[in-house]
Structures are given as structure tokens and as C-alpha cells.
Amino acid sequence: MDLTFLSGQLFTGLSVASILLLAALGLALSFGLMRVINMAHGEFLMAGGYLTYLAAQWAGPNFLWLAFPLAFVGAGLLGAVMEFTVIRRLYGRPLDTLLATFGISLILQQAARQLFGSTGVPVTAPAWLSGALNVGDVTLPYVRLFVIALALIVLGAMWWLLNRSRFGMHVRAVNQNREMAAALGVNTRALDLLVFALGAGIAGVAGVGLALIAPVNPTVGAAYIVNAFLVVVVGGVGSVLGGAVAAVLLGFITALAEGLTSVSLAQAILLVVVVAFLQWKPRGLFPTQSRALEDA
Amino acid sequence: MTPGVQSGPVPGAGRARVPAVVLATGAVLVALAFAPLYLGAYPLALLGRVLALSIAAIGVSVVWGRTGILSLGQGLFFGLGGYALAMHLKLTATPKGELPDFMVYNGVEKLPWFWAPFASAPFALAMVLVLPAAAAGLVAWLMFRRRITGVYVSIITQALLLAFVTWLNGSQGLTSGTNGITDYQRFLGIDLRGPNVAHGLYWLTLLVVAAALGGTAWLLRTPFGQVLTAIRDNENRTRFLGFNPAAFKIAAFMLGGLLAGVSGALYTVHLGTISPAMIGVAFSIELVVWVALGGRASLVGAAGGLVLGQLAKDRISSAAPDAWLYVMGALFVLVVLVMPQGVAGVIARRRAPAPSVPASSPVTREVSDAV
């Protein structure tokens, strides 16, 4: 394996990691805050992708100005509706939530299949994103650079929101001790709704990036969801930094394993690595410090 | 998982109610035994197939309903059992000294090493039991040794299944890939499509279902079963009482894997084929939902929920294929919201006065345990 091939694979891995990271952020947030596993999270990604497709239909070649707000708000609203109708009735029952949200994901996938057909809808990236940057022998497509930049921007914004804003302080407070935060006047129910919608919106933004890279189809969310969960598990629940590191690591491992073996073996190798890692650090790279006996 | 919050009372667990359950189950099994006399060929084949699946549901009931471990990867163990038998059937259907047809198409020149022993029927039959149980034991050991619990277990089992299915799909020459193993019809010298074989296979399946139900029910009434319940309701308290929860959970998981493997092997014979699509993520989660619908804490409820659910699926999906996924998705949500203990739970609550423990509680953490 030569160096050009290696760096090409690593670059691809980094762009895959970017989308994984954006998908995992929402999962980590809602899992950390509400102990809720949302199996329909991948469908927010899918929704973002389809909304990008619609934006491209309406707004012509330079559709990105419309696609981002549309995908963010659209997926966020979908998330808010889901939280309001189903998820808030299931607090404290993580396994039941997992089943119910899987049901929702089936419904959303079938709805997408009937609305847009089961084959993928293509989105043509704007002209200014169509070229590629050549560094030595390695070709870095602008689209993938754009996706990486997108992930970095969202990650920075999330960090600011969580660590510098009043909203973020409330989120961290509820994350540490829900009852105590509520007693001190934090409206935890409203916060749950907001955080869930925010996570969904970020997944929608990831959907824009996804649409630029590959055609959007009804099962695109399902394809990402398991790996996004692995990112959360490896990173440590509720840790933005852990999620970022884990996404990059898993993206690299997948890209390398795919380059060296085959796509089917790469998935198996990735899983072996993750299970081995969990033997070493069962609570992820950056576990939340807690004195609770059971904190998951 | 939050201890003590998720699980309600165990329906049908009170000793006084057991005889009624046993009588009703016995009556249903007897009625089922006479099914070949009044059912046509297609309904009988469908019923036999679905009964074979219900054995896997009994396993889910032990692992999830009784021990509190939600595995979303039962298809892995189901598939191991199914493939173990299918490999034997395929080798039997292949003339001596030749390779199975799909290997020839894929340019494989020598029988892979792991195929060779499956030419022996006793070996293959043993592997139907050993492979799934050993795989389940290994997976469980890796997870429970490090106290990985709750939704993590669900995610890891699902990911494992996904990796297995992806590998099966990608290994055309070794496993026949997406097409799966098919085109076989003789087992132990019996032509599986012979005139009276359908009835025999049906009765055999029913016998295995009855044995699995009876054997598991007996096992769960022993102290072993009581420790499993204790682990589900509060794992830490069980640990402080001096039990090693990991060992019991591994044993329960192995039992669930074993039952799934037997189920997979029988299903393979019924359907005459096994493929990655049959054991994938959708299959494994569907299995869990039928168990939830029937009542996960009740063995009979789990098996019954699966049988009725699969029969309904056959009807609805043949009448309106597009509607099926909506029905299925809505069922997931409704079962969880309206009947968390399933149909068996509703029946048990009718028969017994309201339990003192609330079925669900709005708090996300049990404060007394979080100290």
C-alpha cells in the first residue's frame, strides 16, 4: 500500500467521520440528557437529505442557502413532533423507547419510499464545489472538504452553545442531576424538547452533506445509524469531545479496513475493534464522571 | 437500564395461576396437534413455519422478559443454527466429490475447511445446538464481564448481527452470499418434499415447541430462574447478595441463543432455504416486537404473540404490501405506549388485583440506588 493510496483513504475516512460525527452529536445529546436511544435518528439524516433535494429543485444551482435552513428546521420540527407525541411518554424506559422509535423509523422510511421512490434521488453539487484540490498525488474533492469544514463549524458552535451560553449551562445541569436542576428552576421538560429538536436539526444538516456526496434513498439513515451509535458508545455518553474523537477514529478504521480488505469485512473488523475497545474502557473514551452505581 | 423501574410485575408468575396457564397451553397444543386434519397444505405449511419461529421467541422471552437483556441480534444465533443445518443439507444434495453449485459458479476449487465436517449428519445436528450457544456465550461473556448493560447491549448485538449479515452477503463463494443456501430436499435419507413429510415435519416442530416451552418453564421455576428475575429487577442488589450476575446473564443469553439456533434450523427445513435477508436486522427486531406484543415476561405470551403476529403479517402483507410497514411501525409504538407488558400482561392484570408496584414511573433514575 503506497502513501498516496493511504492518504486518499484517510481523507475519505475523515469526510465519512464528519457526517458520522454530526449524526452522533444529536444521539449523544439526547442519550446523555434523557437516557433515550432514538433509533429513528437516522431518519432525520434522511429527511435532511430529501429536503436538500427539494431545495435543489426549487432554488436552482445555488441551493445551499436554502438547503441548510430548510434541512435544519425541517428535521428539527420532525424531532420536536416525535418528542412531543411519543418520547416524552417513555422517560425512564430506555429499551421501550428504543422499540418505539424503531417503529417510527419504519414508518418514516416507508413514507419516504412512497413519496420519493425506493431508488436514490441525486443532488448535483453547486459548480463551485465540483472541483478538487491536488496536494501532491492526492486528490481532495472540494465537496468532501466542504463536509469536513461543515462538521468543524457545527462542532465549534455546539461547543460554544454548551459551554458558554445559558442554555448550555442548563443542559449540563440537567445532565448531571435532573431533579436538582428542576428544583433550581430549570424547565427540564422544555429543555428535553429543545435538545431533542436541536439534535434532530443537526442530523438534518448532516443530511445536506450526505446529499452532496451520494444519492439520497429511504434506507440511507438506517445505514448510518448503527455506526453513529458505535461513535456514541466509543466516545462516552454525552461527551461532545469524545464523540468527535471517536467519529474520526472509526472513520479512519473503516476507511483503512475497506482499503485493505473489502467493504463486507471492514464492517466486521470495525466491530471487533469496538468490542475489544469496550473490554478496555467499557464506558467510552471520555466517560461522564459520576458517583452513581449505574449511570447508563 | 434503570433498575426496578422498567420492569413491572411478572404476569403469570404467581404459583396459584400457573395451573390455568398450563391447562390453556396444553389445550392449545392439543388443538394444534390435530391441525393437519382440518388445514389445507398452504395454511399448514405457514403454521409450521411460524411455530418454528416461536421457539426463537421463547428464547427472547427468557433473555429479555425474564433477565432484562434486550438483544437485537437474535438473528445471528438463528442464522448460525439455520446455516449449520443448511450446509449439511446442501452437501447431501451435492453428488459425492463435487462442490456445491454456487461454489462452482464463484470459482471456488476446493471445499472450504469449515464446510467439510458438515457432511456428517450427527456433526451438523450437534452444531445446530453448539454453534449458536457458543457464539451467544462468547458475545455475552465479552459484554457482561465488563458490565456493559441496557441499551449498550442492544446496540452491540445489533451491530454484531449487521457485521455477520454483511460478511455473509460479501462472501459469495463461501456462503452463497445474498442468494443464501438453497436447492436441497433430502435429510437423513428422507425426501423433504415427499407425500407425508409435511405432516411429519409439522408434528416434529410442534413437539419441539412443546419441549422448549415445558423445559424453559421448568428451568425458570428453579432457583436459577429466580436469580434471573432478581437480576432484571435490580442487578446491583443481586450482586450485593453474593450472586455473580454476569454468570447468570451469560447462561440466560446462551439459552436464548440455543433456542434461536434450533428455531433457525427448523425454519430452514420448513422453507427449504436460508439467506442473509431472512435473519437481518428487520427480522431480529420484528421478533422482539411480537414478543413484546404477546407479553415478554410470559413464555406462552411470547410464543403466542409471535405466532399470531406472523399470521397477521402474512395476511396483511399479501393484501396490501405497502401498508405492512406502517402497520408494523404503528404496532411498535402502540404496544410500548399502551401495553408495556403485552397481551399476557393485560390478562394477568385482569386476573389479579392491581399490583402495588407501578408499571412505569416518570423518574429517570432511582435515587436510592444512585448513592
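The legends below describe several close-up views of a predicted model. Local features are given at pLDDT of at least 70 and side-chain atom pairs at pLDDT 80 or more, while totals for chains, interfaces and linings use all residues. Residues are numbered from 1 along each chain as its sequence is written, chains are lettered from A and ligands numbered from 1 in the order in which they are written, and side-chain values use heavy atoms, with hydrogens and water left out.

**View 1. Chain B as a whole.**
Chain B holds 17 helices and 4 strands, where helices (H or I, at least four residues) and strands (E, at least two) are DSSP runs numbered from the N terminus. Of its 371 residues, 54% count as buried; buried means under 20% relative accessible area, exposed over 50%, and partly exposed in between, with a 1.4 Å probe and protein chains only. Among the contacts in chain B between residues at least 6 apart in sequence, 81% join residues at least 24 apart, a contact being heavy atoms within 4.5 Å.

**View 2. Helix 14 and helix 16 of chain B.**
Two packed helices are described by the angle between their axes and the distance between the axes. In chain B, the axes of helix 14 (residues 281-294) and helix 16 (residues 321-338) come within 10 Å and cross at roughly 50°; such axes are lines fitted to C-alpha atoms, for helices over the stretch in contact, and angles run from 0 to 180 degrees between N-to-C directions. Helix 14 of chain B and helix 16 of chain B are therefore oblique to each other, since angles under 35 degrees count as roughly parallel, over 145 as roughly antiparallel, 65 to 115 as roughly perpendicular and the rest as oblique. On the side of helix 14 of chain B the contact is made by Ile285(B), Glu286(B), Val289(B), Trp290(B), Ala292(B) and Leu293(B), and on the side of helix 16 of chain B by Trp324(B), Met328(B), Leu331(B), Phe332(B) and Val335(B). Sorted by class, this contact of helix 14 with helix 16 of chain B has 10 nonpolar, no polar and 1 charged residues, where Ala, Val, Leu, Ile, Met, Phe, Trp, Tyr, Cys and Pro count as nonpolar, Asp, Glu, Lys and Arg as charged, and the others, Gly among them, as polar.

**View 3. Helix 5 and helix 6 of chain A.**
The axes of helix 5 (residues 142-164) and helix 6 (residues 166-176) of chain A come within 5 Å and cross at roughly 75°. That makes helix 5 of chain A roughly perpendicular to helix 6 of chain A. Here Leu161(A), Leu162(A), Asn163(A) and Arg164(A) of helix 5 meet residues of helix 6 of chain A, including Phe167(A) and Met169(A). By class, the contact of these two helices of chain A has 5 nonpolar, 2 polar and 3 charged residues.

**View 4. Aromatic rings.**
Rings of Phe, Tyr and Trp (its six-membered ring) pair if their centres lie within 6.5 Å, and planes under 30 degrees apart count as stacked, over 60 as edge-to-face and the rest as tilted. By this rule the count comes to 18 aromatic pairs over all chains. One of these is the edge-to-face pair of Phe118(B) and Phe123(B), with 5.2 Å centre to centre and 80° between the planes. Phe118(B) is buried at 6% relative accessibility, whereas Phe123(B), at 30%, is partly exposed. In chain A, Tyr50(A), Tyr53(A) and Phe116(A) form one aromatic cluster.

**View 5. Two loop residues with positive phi.**
Most residues other than glycine have a negative phi. Arg147(B), however, has a positive phi near 55°; Arg147(B) is found in the loop between helix 6 (121-144) and helix 7 (150-170) of chain B, and is exposed, with a relative accessible area of 54%. Ser176(B) also has a positive phi, near 70°, and lies in the loop between helix 8 (172-175) and strand 1 (181-182) of chain B, where it is buried at 5% relative accessibility.

**View 6. Buried residues within helices.**
Gly26(A), in helix 1 (residues 3-34) of chain A, is buried, with a relative accessible area of 3%. Leaving aside neighbours within four places in sequence, Gly26(A) is in contact with His41(A) and Gly199(A). Phe253(B), in helix 12 (residues 245-271) of chain B, is buried at 1% relative accessibility.
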